Amino acid sequence: MAKQASNRIAKIKALFGFMCVPYLVAAIAVGWQALATPAVGELEEVDMRGKTVLITGATSGLGLWQAEVLARWNASLVLPVRDLKKGQAVLDRFTQEFPQAPAPVIMEMDLASLQSVRDFAEQYAGPVDVLVHNAAVLGTGELLRTEDGFEECLQVNYLSSFLLTHLLLPRLQQSAAGRIVHVSAKAHEWGNISMQDLRSRKVLDLDFPKRRLRMMGNLGGSYADSKLAQVLFSNALARRLPPNVVTHALHPAIVPTGLLRQADFSAVQKFLHDNMMQPVMRLVGFTQSEEDAPKTQIHVSTHPAIQDVTGRYYSPLSPPLVHCGQKAEYCGISSISEAAADRFLQEALFETSCELLDLNNGLCAESPDS
Ligand SMILES: NC(=O)c1ccc[n+]([C@@H]2O[C@H](COP(=O)([O-])OP(=O)(O)OC[C@H]3O[C@@H](n4cnc5c(N)ncnc54)[C@H](OP(=O)(O)O)[C@@H]3O)[C@@H](O)[C@H]2O)c1
């Protein structure tokens, strides 16, 4: 009896010991990295009255936090959402909390449907000064297809933003200072793109399920591929846009949002993640607060100096975003992966996206500036 009980205790100890190892290793790693991560700093407030900012994915996480700050700064917000009930809740809250700002325009747009993107662009007739491609899904690591037959992350995180940019470009061109912001991720560095898979199988890399990460699932798979596609797109776009419209990509922050809730944790892993890993990561500064996390995309979407450059990639992991000792437009500029900087890949992806979306006018008719 006593032997059985001690066997059981030994098993429980072994199980907890096993489960704690990755958390301990990760905690040491994040602590190490945190020492090298600069503080985000206070943003310069920009008066956004009269500017129309369209943000996708503003019902949750970074997009919502960005929208809140921009409402405080009096921007006219256009927030296309896939779930109108969630959109209505945002509208109700914003009209109460920010009575001085124009009420946001809430409209339906599901990025998993090309028809829905086209319908939105047709129905929204107003101006656009800043277009923020923020919405994304993490994906499951399985090959899931949208109604258009594309792999889910490819379409929601990248291809639909390509189509939306194409459709809204005439509006951005009418702006005195048009700006396109691609909320990508550091995870773009793990991405891979096979032009052959894209053309023949409508997926950025058919082998992506093999790159699944333990506990973070598709973060290293088709999610990373779609984030790479966003950076490639921004670079190819920079060569085609008129001088009054600029484009930038960025890594926002590491922060618990709806996105990480999609990670395929078991109940035990979720408990450990929420109650052990998250507090440690927050404590050492690896994950950002709700206040700091959206600052990079707010800064890149609003700071006047960022209109003087194009095709850049910003990150809070680089020198401070503000007061970095250089001209404001160069603060926070970060390097991109070798694949993202590959001009041949940038152009091949751009041209293939035009083909897949059956577009041959506007952006898709422009030849790139050298
Ligand atoms: N959180 C991080 O640590 C982190 C790190 C690096 C990069 N990022 C990037 O930051 C951006 C924002 O992510 P988040 O962390 O704030 O995630 P989030 O809280 O999950 O927000 C994602 C938003 O995208 C919307 N969305 C998802 N699928 C959509 C679809 N088919 N059509 C229209 N909208 C859709 C969601 O709408 P619903 O509310 O209807 O679901 C939600 O509003 C993403 O581009 C992400 O890749 C985040």
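Predicted model: local features only at pLDDT ≥ 70, side-chain atom pairs only at ≥ 80, totals over all residues.
Student: Which residues of α3 are buried?
Tutor: G87, V90 and F94 are buried in α3, where buried means that 20 or more other C-beta atoms, placed from the backbone, lie within 10 Å of the residue's own, exposed means 12 or fewer, and partly exposed lies in between. They sit on the same side of α3, because they cover an arc of only 60° around the axis, the arc being that of the directions from the helix axis to the C-beta atoms.

Student: And what covers them?
Tutor: The cover includes α2 (61-72), β2 (76-81) and β3 (105-108), whereas the face turned away from the buried side carries the exposed residues K85, Q88, D92 and Q96.

Student: Switching to the core, which residues touch the most other members?
Tutor: In the largest nonpolar core, which has 85 residues, these are V53, L77, L79 and F233; such a core is a set of buried Ala, Val, Leu, Ile, Met, Phe, Trp, Tyr and Cys residues joined through C-beta atoms within 7 Å. Helix α5 (residues 152-174) gives the most to this core, with 11 residues.

Student: What does V53 contact, apart from its neighbours within four places in sequence?
Tutor: Its partners are M48, L70, A75, L77, D129, V130, V132 and S301, a contact being two C-beta atoms, placed from the backbone, within 7 Å.

Student: Why does V246 count as buried?
Tutor: V246, in strand β6 (residues 245-250), counts as buried because it has 25 C-beta neighbours inside 10 Å. V246 and I180 are 66 residues apart in sequence, yet their C-alpha atoms are 6.2 Å apart in space.

Student: Last topic: which residues come nearest to the ligand?
Tutor: Of the 28 residues around the ligand, G57, G61, A136, T257 and G258 come nearest, with a residue counted as near if its C-beta atom, placed from the backbone, lies within 6 Å. The elements giving two or more residues to this shell are α2 and α8 (258-261).

Key
Residues numbered from 1 in each chain as written. Helix = DSSP H or I, 4+ residues; strand = E, 2+ residues; numbered from the N terminus.
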